[in-house]
Amino acid sequence: MTNLREKEYYEALYDKLTVEDCRRVEESVNNNIDFSDAPEEFQGEEGHERGRHVLSGLMLYFKKGEAFRKKSDTIHDWMARDRAKDEQLYKAIQPTEVICLHCGLTMTSKSRELVEREGQERVLFMFKCSNCKRARAIWEGGAEWDPRNPCPKCQTLMEHTDKRVGDVITTTETCPKCKHQESFDFDLGKTYPPEPVDPHFEEDRKKYCLSNEEGMEYVIQQDNIERLLNQIKDEKENKAAYDAAAKIQTLSVAQLQQLLNPILQKAGYINFALGKPEFMRGVAIEFAMQDTKTDRASHESSKFLKKLIEETLKETNWRLMNEGVTYRLGFLSGRLKGVEGEESLLELAKKSLKNIP
Ligand SMILES: [Zn+2]
Ligand SMILES: [Zn+2]
C-alpha cells in the first residue's frame, strides 16, 4: 500500500507548514511595520526594535498556539484521507482477461494507481504484453483509459501524437475541429534534485512548534479567557437574571416547612407534611395537606393553593413542580423542587423571568 505513511511523516509535514507560517509572520513584522504613528517609546532605531519584538512575540503566541490546537485533528484527517486512498486501491477489482490489441495475448497486470477522472479519483490498472511490451491502461470497471483531453476552446477531444528525440518525448495535441494545438515535453533523462535541505528547520521547529505541555497550557489559557469573556457577556445580557439570582433565598427543607406552615394554616390548610426527599438535579419532595374550608370546590381549592405556594416561594430556591396540585376528598398533594448552587440558581432566575408576561 502506497499512500499511508508513518505518523512522524505527517507531524514533520505539519510542523513544516507551521514553521513557514511563523517565518512569514516574523518577516512581515520586520519589514512592513510603519512606526510613524507609534507611541514615543517605540520611536528611534532601538524603539523600533523593541516594537517589532513585542509585536512579533504577540502574533507568534497566537500563531503557534492555534497551530498546536489544530495539529492533532489535521494530522488525523490527513492520515484518514490517505488510509481511504489505500483502501480504495486495495478494494478495486482488477479487470480480467485483458488482451494485447497487437498480438492477442493475455496481458499481465503491472500496477494500479489512483488517477483523477472527471473530478474524482479512480483506480487505473496498467497492463503489459510480455511479448511485444505494449501497454494498456484500464479503469476499474473495464473502460479503456482515453489519453485524449478536451480542447480548452471547443471541448472536442483532441488527437495527440508523440515524437521522441533522444530522451525527450514531445506530445502534441491537436483539436480536429478548431485546430487549436498544445505541446509539451517530457524528458526521460531529467532527474529532479531532491528538495534542498532547510538548514534551519530543526532549530525553527523547536522555536515555533509547541511541545505538548506548552500547547496544552496555551489551549487551557485561551479556553479560560474565552469562558471568562462569555461569562462577562452573559452577565451583561442577562443582568436582570443575575440580580434576581443574587436575591434568591436558599432555604433548607426545614426552613421551607417553617415558611409554608403558618401561611397555609392561615389559608385553611392543615396537617402540612413533607415526604421523603428525592435527589435528582436538585431535590424533589412530596407534600400533602388537608383543606378545612369545606365550602371550597375542589378545583377552586387546588387553584388557590397553587397560587399561594407559587407566590410564597417566588423569591426562594423552591418551586412547585409542573404537575401542580392534586385534590381528592379535601386532601391536597403535589411536589416541590429545590435547587442550590450558583449555576442552578441562575438558571432558576432566568426561567422565572421568562415566565413573567
Ligand atoms: Zn503484444
Ligand atoms: Zn477545439
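Tutor: Let us begin with a cut-off: angles between axes under 35 degrees count as roughly parallel, over 145 as roughly antiparallel, 65 to 115 as roughly perpendicular, and the rest as oblique. Keep in mind as we go that this is a predicted model.

Student: Which residues of α6 and α7 make the contact?
Tutor: From α6 come Leu 256, Leu 259, Leu 260, Ile 263 and Leu 264, while α7 provides Leu 305, Leu 308, Thr 312 and Leu 313.

Student: What makes α1 and α3 roughly perpendicular?
Tutor: Helix α1 (residues 7-32) and helix α3 (residues 201-208) cross at roughly 80°. The range for roughly perpendicular is 65 to 115 degrees, so α1 and α3 are given that label. Their axes come within 9 Å. On the α1 side the meeting residues include Glu 11, Asp 15, Val 19 and Arg 23, and on the α3 side they include Phe 201, Arg 205 and Tyr 208.

Student: On to the metals. Why is the arrangement around the zinc ion (ligand 2) called tetrahedral?
Tutor: The donors are the SG atoms of Cys 151, Cys 154, Cys 175 and Cys 178, at 2.3 to 2.4 Å. Four donors count as tetrahedral if all angles lie between 85 and 135 degrees. The angles around the zinc ion (ligand 2) are 98 to 120°, which makes the arrangement tetrahedral. For reference, the ideal angle for four tetrahedral donors is 109.5 degrees.

Student: How are the donor residues of the zinc ion (ligand 2) spaced in sequence?
Tutor: They follow C-x2-C-x20-C-x2-C. Cys 151, in the loop between β3 (135-139) and β4 (159-165), and Cys 178, in the loop between β5 (168-174) and β6 (181-187), are 27 residues apart and link distant parts of the chain.

Student: Are Cys 151 and Cys 178 buried, exposed or partly exposed?
Tutor: Buried means under 20% relative accessible area, exposed over 50%, and partly exposed lies in between. Cys 151 has 0%, so Cys 151 is buried. Cys 178 has 37% and therefore counts as partly exposed.

Student: What makes the site of the zinc ion (ligand 1) tetrahedral?
Tutor: Here Cys 100, Cys 103, Cys 129 and Cys 132 coordinate through SG, at 2.1 to 2.3 Å. The angles among the four donor atoms are 103 to 122°. With all angles required to lie between 85 and 135 degrees, the site is tetrahedral. The spacing along the chain is C-x2-C-x25-C-x2-C. Cys 100 lies in the loop between α2 (44-91) and β1 (108-117), and Cys 132 in the loop between β2 (120-128) and β3, so the pair ties together parts 32 residues apart in sequence.

Student: What is said of phi at Glu 97 and at Lys 133?
Tutor: Phi is near 55° for Glu 97, a positive value in a residue other than glycine. For Lys 133 phi is near 70°, again positive in a residue other than glycine. Glu 97 lies in the loop between α2 and β1, and Lys 133 in the loop between β2 and β3. With exposed meaning over 50%, Glu 97 at 63% counts as exposed, and Lys 133 at 53% counts as exposed too.

Technical notes. Residues are numbered from 1 along each chain as its sequence is written. Chains are lettered from A and ligands numbered from 1 in the order in which they are written. This is a predicted model: local features need pLDDT of at least 70, side-chain atom pairs count only at pLDDT 80 or more; totals for chains, interfaces and linings use all residues. Side-chain values use heavy atoms; hydrogens and water are left out. Donors are N, O and S atoms within 2.8 Å of the metal (3.2 Å for Na, K and Ca); water is not among the atoms, so sites may look incomplete. Four donors count as tetrahedral if all angles lie between 85 and 135 degrees; four count as square planar and six as octahedral if opposite donors are over 155 degrees apart and all others between 65 and 115; anything else is irregular. Helices (H or I, at least four residues) and strands (E, at least two) are DSSP runs, numbered from the N terminus. Buried means under 20% relative accessible area, exposed over 50%, partly exposed in between (1.4 Å probe, protein chains only). Contact means heavy atoms within 4.5 Å. Axes are lines fitted to C-alpha atoms, for helices over the stretch in contact, and angles run from 0 to 180 degrees between N-to-C directions.
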